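Open the model in your viewer and get ready to select residues. Each stop below says what to pick and what is there.

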Amino acid sequence: MKKTSNKALIGIFAFCVTCMANNMTMSVIAYIMQSYPNESSTTVLTILTTPALVAMIFAFFVGTLSSKFSTKAVLIFAQLAMFAEGMIFLFLGQTSIYVLWFAAGLVGFNQGATYTFLGTLLASNVEDNEKRATLTGICTALMNVGGVVITMVGGVIAASYGWQKAYMLWFILLAAIVIEIICIPADKPAAVPAPDAAAKPEAGKGEKMPVLVWLIAFHYLFYFMFLYAYGSNISEYIINVYKLGTSVESGIANSAVTAGGVVAGALFGAYSKVLKKWTFPVMVLLSAIGLGLCLVMTTNVLGVYAAGLLCGFSMSGAAPYVTMFMQQITNSPAQYGKAMSIWSGFMNIGMFIAVYFLAFCAKIFGESSTDIHAKFVVGAVGAALCVVTAIPLYVRKTKAD
């Protein structure tokens with residue numbers, strides 16, 4: 001077993017710290033609206049949905065691209081695309097809303113492949129299973145911490161000097177790209193021996209993707225869609241429906257999700273070792289409990305914060321486990337990259353359609369498509385069903401056993 005390269009890990013960590021930098025756009029979108037008073041709020045908000053649309057499409061291709069080019073090359077391309085978005089916002093932000101739409105779309109290349117890149121890079125550079133589990137959690141924590149810090153600093157800059165100036169932080173991304181170029185090896189996934197290589201023959205051109213990969217991806221779509229009930233509705237839940245506070249309390253509730261994600265990432269190596277095959281079902285159960293809390297704790301905002309912590313822990317505990325589980329059920333590094341691509345694609349589909357799906361269900365089971373209580377009922381019940389259906393998918397014998 002070859003020794004893990006500390007140099008490669010530095011490059012991977014640099015990627016993780018900056019890969020969620022675009023979360024900052026959510027915190028400055030109100031200022032962007034002020035710059036375009038003649039555009040409807042829906043038109044401006046398209047800046048936030050365009051990355052998910054591009055990510056949804058690109059995610060299905062990144063695995064194939066990574067089998068033809070080095071993962072490093074595809075990663076650098078995606079990061080440069082996000083850097084270009086920041087430069088367009090910084091220097092051309094007042095030009096046209098359509099220019100911003102185009103720029104926002106560039107982020108989708110990175111958003112659609114984040115976990116594919118992470119999983120492939122760790123599989124290529126860390127052979128020890130336990131160490132990889134720990135590092136997967138650490139990387140997930142770094143993603144959340146980096147996203148929070150950049151978002152907070154960007155918000156301060158936007159409030160003090162204008163929203164365009166906030167994108168000067170994208171030069172941190174440029175520094176990360178330089179570190180990635182220097183530190184991350186340029187090996188192709190297909191050329192890198194996978195852990196337990198004896199049990200994983202090299203992929204042939206006609207290699208068939210395991211059915212379980214598609215089932216897991218489809219299942220994750222629903223899990224992520226139900227989980228999104230919290231993030232997409234909690235602001236209205238707190239401010240307008242149950243009147244538990246203002247935008248301050250709403251911001252804390254959203255930050256609780258990130259805080260839960262940081263804890264989940266930092267402790268992933270420990271609890272995944274104890275839970276083993278039950279890790280994913282337990283993570284989904286936490287989201288069901290969190291969404292359920294929002295149904296019963298309607299008079300105490302602390303209950304909403306607790307729900308956010310549980311949902312964040314669920315999300316950031318489930319994703320790294322799937323990146324590891326996919327490696328167990330695929331037959332080669334090249335197939336693993338494609339499997340991660342499929343999974344990322346379905347995850348982004350779930351994110352993209354969540355708002356519409358929950359509104360549709362609320363109209364059927366509630367008073368109208370804007371019924372927040374009905375949306376949380378659908379989210380909680382749906383997440384509970386995902387717990388039950390996760391058991392036959394994950395609690396089963398794999399090639400690694």
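Is Y98 exposed or buried? Select Y98 and see. Y98 is exposed, because its relative accessible area is 52% and exposed means over 50%. Keep in mind that this is a predicted model.

**Stop 1**

Now show helix α5, residues 97–111. Both Y98 and W101 lie in helix α5. They are three residues apart, about one turn of the helix.

Look at the two rings. A pair of aromatic rings is described by the distance of the centres and the angle of the planes. For Y98 and W101 the centres are 5.1 Å apart and the planes stand at 85°, so the pair is edge-to-face. The cut-off for that label is over 60 degrees.

**Stop 2: a pair across the chain**

Next, select F226 and F357. These two also form an edge-to-face aromatic pair. Their rings are 6.1 Å centre to centre, with 70° between the planes.

Check the cover on each partner. F226 counts as buried because its relative accessibility is 10%, and buried means under 20%. F357 is at 26%, so it counts as partly exposed.

**Stop 3: the aromatic cluster**

How many aromatic pairs does a search of the whole structure find? The search finds 30. Now select Y115, Y220, Y223, F224, F280, Y321, F325, W343 and Y394. Together they form one aromatic cluster.

**Stop 4**

Which residues is Y220 in contact with, leaving aside neighbours within four places in sequence? They are F280, M315, A318, A319, V322, W343 and M347.

Widen the view to the largest nonpolar core, which has 122 residues. Y220 is among the members that touch the most others, along with I32, W170, Y230, F280 and M326. Colour helix α10, residues 211–241. Helix α10 gives the most to this core, with 16 residues.

**Stop 5: a patch on the surface**

Finish outside. Select L53, I57, F60 and F61. They form a nonpolar patch on the surface. Their accessible area together is about 360 Å². Zoom in on L53, which lies in helix α3, residues 41–68. L53 has 35% relative accessibility, so this residue counts as partly exposed.

Note on methods:
Residues are numbered from 1 along each chain as its sequence is written. This is a predicted model: local features need pLDDT of at least 70, side-chain atom pairs count only at pLDDT 80 or more; totals for chains, interfaces and linings use all residues. Side-chain values use heavy atoms; hydrogens and water are left out. A nonpolar core is a set of buried Ala, Val, Leu, Ile, Met, Phe, Trp, Tyr and Cys residues joined through side-chain atoms within 4.5 Å. Buried means under 20% relative accessible area, exposed over 50%, partly exposed in between (1.4 Å probe, protein chains only). Helices (H or I, at least four residues) and strands (E, at least two) are DSSP runs, numbered from the N terminus. Contact means heavy atoms within 4.5 Å. Rings of Phe, Tyr and Trp (its six-membered ring) pair if their centres lie within 6.5 Å; planes under 30 degrees apart count as stacked, over 60 as edge-to-face and the rest as tilted. Patches are made of residues with over 30% relative accessible area and no salt bridge: like charges are joined within 9 Å, nonpolar side chains (Val, Leu, Ile, Met, Phe, Trp, Tyr) within 5 Å. Accessible areas come from the Shrake-Rupley method with a 1.4 Å probe; for residues, only the protein chains shown count as cover. A salt bridge is a side-chain nitrogen of Lys or Arg within 4 Å of a carboxyl oxygen of Asp or Glu.
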